[in-house]
Every structure is written in C-alpha cells, then in structure tokens.
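Have a look at it first.

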Amino acid sequence: MDGIHDLGGRQGFGRVRHAPDARPFHEAWEVRVNSLYALAVRLGIFNMDEYRHAIERMDPRHYLAAGYYERSLTGLATLCVEKGIVTRAELERRAKGSFPLSAPSASGRTNLPARERFEPGDRVRVREDCVPGHVRMPAYLRGKTGTVLGESPAYPFPDAHAHGVESQDEPTYDVRFRSEDLWPNCADRALVHAGVFQSYLERA
C-alpha cells in the first residue's frame, strides 16, 4: 500500500538526523513494548510482515506525530485486538482513556504466477504494481530499471505473509540503481542498492 510510512526518496523533510552514539531506549516502557512484540512473534501470535503492516495502517497524523516505539505499541495493540488476545475496551480501561489503533487491513496477494530467475548482470525493471495490502517495495523504485548483482535465499513473500494468503517463498535480488534514474535532476550521482523480491521484477 502507498502510505505515510513510505517516505523514502520524498523531498521536503530535510536532512536525515543521525546520532551514532544514540541510546536505543529512553524510557522503561519502550523496552517493554519492544520485548512484548518480539515475544508475540516468537510465540507465533503474529509474524513480522503482519506487524509491519499494522504500523503501516496507522492514521497518518498519528504516524507522523508518534515516535518509533509508539508506532510499535500501536501495531502490537492493533494485532492483539485483531487476534482476540485483548479487547479495545480493556486497553482503554487500562489506559484510562482512548487507545488509538490502526485501520482495518486490506486484502493481500500471492506470488506472481510467471516469475523469472535472474543472474548477476541482468537488467531488470521494477513492476508498477499498486496493491492495497502490505508490500515490501519502496514506491520510489516503481517502474525503475537497475542491474542485478546477486540473489538471496528464499524468504516468505511479504504481500501474502502479512495477510495469511497462501504463497511460495521466493528470493530477493540485490539490484543496483543509479540515483539519477530514480530522481532525475534531483539527486547527486550515487549508486543505490535494494533487495527486491522476485515477484516485483521483470526483465528490462
């Protein structure tokens, strides 16, 4: 889905702030939230693609105003309600007020039926697919052409894995793009590498 979470390559947000010595946690509740979502994944209550999609479904105003761990908390709480672990009423009783959750999920999709295998050096194009559910393809790559450098082991296809849709595991390809092809007349010359799932690619 195209949502507020997919800000890669967009302009007007200023420089990315980077602090190499920043602490990973600033409050005790952040540690607790991080531990709870990791435990839920380990117990099989939900998977990582479901978790990512729950965060993607946040109200855009809430998403932009929230910090990293508040987004984690919203995704965790949303899935726990959807899986029947807790009710929204119980959350609001404990919070002593409203508890924002993410919007309902859209449908997912299975793998592309006719997928191609690629070799290092092949020129590939990212398909111009717009899907309502979860997708692990940055919007700024859509329709762009790059060069395959390598192939990863097969992994659950996220568009299906986030929605309980039957699918086959598939590899991602390390694809190298030129920045001037991604953002014509708007970027310094550079090479951008992305891991792109097989179903997202076609031969250029």
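Q: Is Phe197 buried or exposed?
A: Let's go by relative accessible area, where under 20% means buried, over 50% exposed and anything in between partly exposed (1.4 Å probe, protein chains only). Phe197 comes out at 7%, so the label is buried.

Q: Before going on, what kind of model is this?
A: Residues are numbered from 1 along each chain as its sequence is written, and side-chain values use heavy atoms, with hydrogens and water left out. Local features need pLDDT of at least 70 and side-chain atom pairs count only at pLDDT 80 or more, while totals for chains, interfaces and linings use all residues, since the model is predicted.

Q: How many aromatic pairs does a search of the whole structure find?
A: Rings of Phe, Tyr and Trp (its six-membered ring) pair if their centres lie within 6.5 Å; planes under 30 degrees apart are stacked, over 60 edge-to-face and the rest tilted. With that rule, searching the whole structure gives nine.

Q: What is the geometry of the Tyr68 and Tyr69 pair?
A: The two ring centres are 4.9 Å apart. Their planes meet at 85°, so the pair is edge-to-face.

Q: How many residues apart in sequence are the parts tied together by Phe157 and Phe197?
A: These two rings make an edge-to-face pair, 6.1 Å centre to centre with 70° between the planes. Phe157 is buried, at 0% relative accessibility. Elements here are DSSP runs numbered from the N terminus: helices (H or I, at least four residues) and strands (E, at least two). Phe157 lies in the loop between S2 and helix H6 (158-161) and Phe197 in strand S4, so the separation of the tied parts is 40 residues.

Q: Which strands stand at the edges of the sheet?
A: Five strands make an open, antiparallel sheet in the order S4-S3-S2-S1-S5, with strands counted as paired if DSSP finds at least two bridges between them. Each edge strand has a single partner, so one side of each is left without a neighbour in the sheet; these are S4 (191-197) and S5 (201-203).

Q: What is the bridge partner of Arg123 in S2?
A: Strand S1 (residues 123-126) runs antiparallel to strand S2 (residues 145-151), and three bridges join them. For Arg123, the partner in S2 is Thr147.

Q: Which helix gives the most to the lining of the largest pocket?
A: On a 1 Å grid over the protein atoms alone, a pocket is an open set of points where a 1.4 Å probe fits, with protein on both sides within 12 Å along at least five of seven lines; lining residues have an atom within 4 Å of a point. The lining has 32 residues, and His5, Leu7, Tyr63, Tyr68 and Arg71 lie nearest the centre. Helix H2 (48-56), helix H4 (68-82) and S4 each give two or more residues. The top contributor, with six, is H2.

Q: What is the phi of Lys96 near?
A: Most residues other than glycine have a negative phi. Lys96 sits in the loop between helix H5 (88-95) and S1, and is exposed at 78% relative accessibility. Its phi is positive, near 60°.
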